[in-house]
Amino acid sequence: MNSETFALRRENLRRLMHEEGLDALLVSQSANRYYLSGFELHDCQCNESSGCLIIMKDGKDWLCTDSRYEEAAAKLWDRERVFIYRTSSSEELNGLFKKLCGASGVIGVEEEHLSRAYARRLEPGLTLKGADGLVEKLREIKDEEEIRLIDASVKLNHRMLEWLPSLLVPGQDEASAAWGIEKFYREHGASELSFPSIVAMNANAALPHYAPDTPAVFTENCMVLVDEGCRLNGYCSDQTRTFWIGDRPEPRFTEMLERVQEAQRRAIAALRPGITGREVHKIAVDYFASCGMERYFTHSLGHGVGLETHEGPRLSISNTRPLQPGMIVTIEPGLYFPGWGGARWEYMAVITEDGCRVF
């Protein structure tokens with residue numbers, strides 16, 4: 001991404017800020033910070049921040065960070081508007097906001113990403129207003145370069161999935177297979193996983209977000225659900241497949257997988273601008289209901305993917321907003337039978353002007 005792209009995104013955000021009556025917006029969520037500036041996609045750990053942005057209605061924006069990142073910030077930002085806090089970021093930002101906005105300015109904050117303690121230290125003498133979702137609204141619709149980068153991430157994902165059956169053999173275990181997936185990605189250019197890989201055998205596959213305690217060892221004729229993804233050039237991929245190890249798949253497994261794949265086909269056929277996330281989700285639910293299996297589908301149909309593995313829009317019962325061209329979603333129906341096993345099958349697709357394109 002070039003500096004002009006980030007500047008255009010900030011201008012688009014300013015229009016949303018105007019609608020909300022904001023004089024400034026404090027951007028503290030890490031992916032939002034990166035989306036608007038190219039600065040530090042990740043915070044180093046959950047109780048530390050690499051910095052934040054102050055987006056001003058007059059266009060004189062600030063990048064705020066501590067001394068560890070001063071030179072990195074100066075490579076991306078006009079040094080005159082790089083603010084380095086030394087002790088308490090919240091209290092020092094309070095002083096900066098008073099200089100920038102005065103007592104009457106309205107400052108938007110991403111409340112979902114600020115602790116109550118941080119907000120309490122930031123607030124004295126300022127007028128704060130919750131402004132969650134403004135940047136995320138922009139991030140939902142990917143531009144051509146983002147679509148290209150996500151396409152490349154998914155292509156690497158496909159390469160890994162073509163290789164993966166060679167790893168899923170009797171005697172291998174879940175944890176070793178997960179490590180093999182991570183090694184493949186790192187050896188082929190990915191910077192990291194999108195999320196810790198899920199490798200789940202037999203009854204463990206009935207747990208949609210299974211995390212092994214004592215990893216199960218694959219046997220001849222067993223099912224294995226694998227949910228994985230990588231981050232390539234900053235952008236994530238996310239796909240799930242369910243495999244059978246051996247040459248004698250149980251009829252119950254075959255039926256389950258066919259039902260899951262048919263639910264996915266029907267949902268993909270319906271993806272287009274104007275349809276809501278709820279309506280697409282319901283297509284899968286209604287199909288499972290026609291098979292008497294709807295109670296075994298226990299999660300939403302899909303979610304957006306981009307700088308984060310899970311972002312908007314959602315293909316879920318709660319999303320009544322229409323899909324738009326440029327949105328990228330997963331389509332991942334699943335069936336989960338406690339104590340026996342489960343299957344999930346996941347693709348990613350971008351909404352186009354007249355339908356969708358599966359990556």
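The model is predicted: local features need pLDDT of at least 70, side-chain atom pairs count only at pLDDT 80 or more, and totals for chains, interfaces and linings use all residues. Residues are numbered from 1 along each chain as its sequence is written, and side-chain values use heavy atoms, with hydrogens and water left out. Helices (H or I, at least four residues) and strands (E, at least two) are DSSP runs, numbered from the N terminus.

**The sheet E8-E9-E12**

- Three strands form an open sheet in the order E8-E9-E12, and their pairing is antiparallel. Two strands count as paired if DSSP finds at least two bridges between them.
- Strand E8 (198–201) and E12 stand at the edges with a single partner strand each, so one side of each has no neighbour in the sheet.
- On average, neighbouring strands of this sheet are turned by 15° against each other, direction ignored. Axes are lines fitted to C-alpha atoms, for helices over the stretch in contact, and angles run from 0 to 180 degrees between N-to-C directions.
- Strand E9 (residues 222–228) runs antiparallel to E12, and seven bridges join the two.
- Val-226 stands opposite Arg-241 in E12. Glu-228 stands opposite Gln-239 in E12.

**Strand E12 and its cover**

- Strand E12 (residues 239–245) is mostly covered, with seven of its seven residues buried. Buried means under 20% relative accessible area, exposed over 50%, and partly exposed in between (1.4 Å probe, protein chains only).
- In a regular strand the side chains alternate between the two faces of the sheet.
- Gln-239, Arg-241, Phe-243 and Ile-245 point one way from E12. Thr-240, Thr-242 and Trp-244 point the other way.
- Helix H7 (residues 144–163) lies across E9 and E12, at about 5° to E12.
- Helix H9 (residues 251–270) also lies across E9 and E12, at about 160° to E12.

**The sheet E7-E10-E11**

- Another open sheet has three strands in the order E7-E10-E11, with antiparallel pairing.
- Its edge strands are E7 and strand E11 (235–236), and each pairs on one side only.
- Two bridges link E7 to strand E10 (residues 230–232) in the antiparallel sense. Glu-192 stands opposite Arg-231 in E10.
- Leu-193 sits in strand E7 (residues 192–193). Leu-193 is buried, at a relative accessible area of 15%.
- Leu-193 and Arg-231 are 38 residues apart in sequence, yet 5.6 Å apart in space, C-alpha to C-alpha.
- Leaving aside neighbours within four places in sequence, Leu-193 is in contact with Glu-182, Tyr-185, Gly-229, Cys-230 and Arg-231. Contact means heavy atoms within 4.5 Å.

**The hairpin E13-E14**

- Strand E13 (residues 302–304) and strand E14 (residues 311–315) run antiparallel, joined by three bridges.
- E13 and E14 form a hairpin with six residues between them.
- His-303 has Arg-314 in E14 as its bridge partner.
- A cis peptide bond joins Gly-312 and Pro-313, with omega about 0°. Pro-313 lies in strand E14.
- His-281 belongs to helix H10 (residues 277–290) and counts as buried at 12% relative accessibility.
- Neighbours within four places in sequence aside, the contacts of His-281 include Phe-297, Leu-301, Leu-315 and Ile-317.

**Helices H1 and H2**

- The axes of helix H1 (residues 3–20) and helix H2 (residues 30–37) come within 6 Å and cross at roughly 115°.
- Phe-6, Arg-9, Arg-10 and Leu-13 in H1 meet Tyr-34, Tyr-35, Leu-36 and Ser-37 in H2.
- The residues of this contact divide into five nonpolar, one polar and two charged. Ala, Val, Leu, Ile, Met, Phe, Trp, Tyr, Cys and Pro count as nonpolar, Asp, Glu, Lys and Arg as charged, and the others, Gly among them, as polar.

**Loop residues with positive phi**

- Asn-202 has a positive phi of about 50° although it is not a glycine. Asn-202 lies in the loop between E8 and E9 and is partly exposed, at 24% relative accessible area.
- Asn-233 has a positive phi near 55° and is likewise a residue other than glycine. Asn-233 lies in the loop between E10 and E11 and counts as exposed at 52% relative accessibility.
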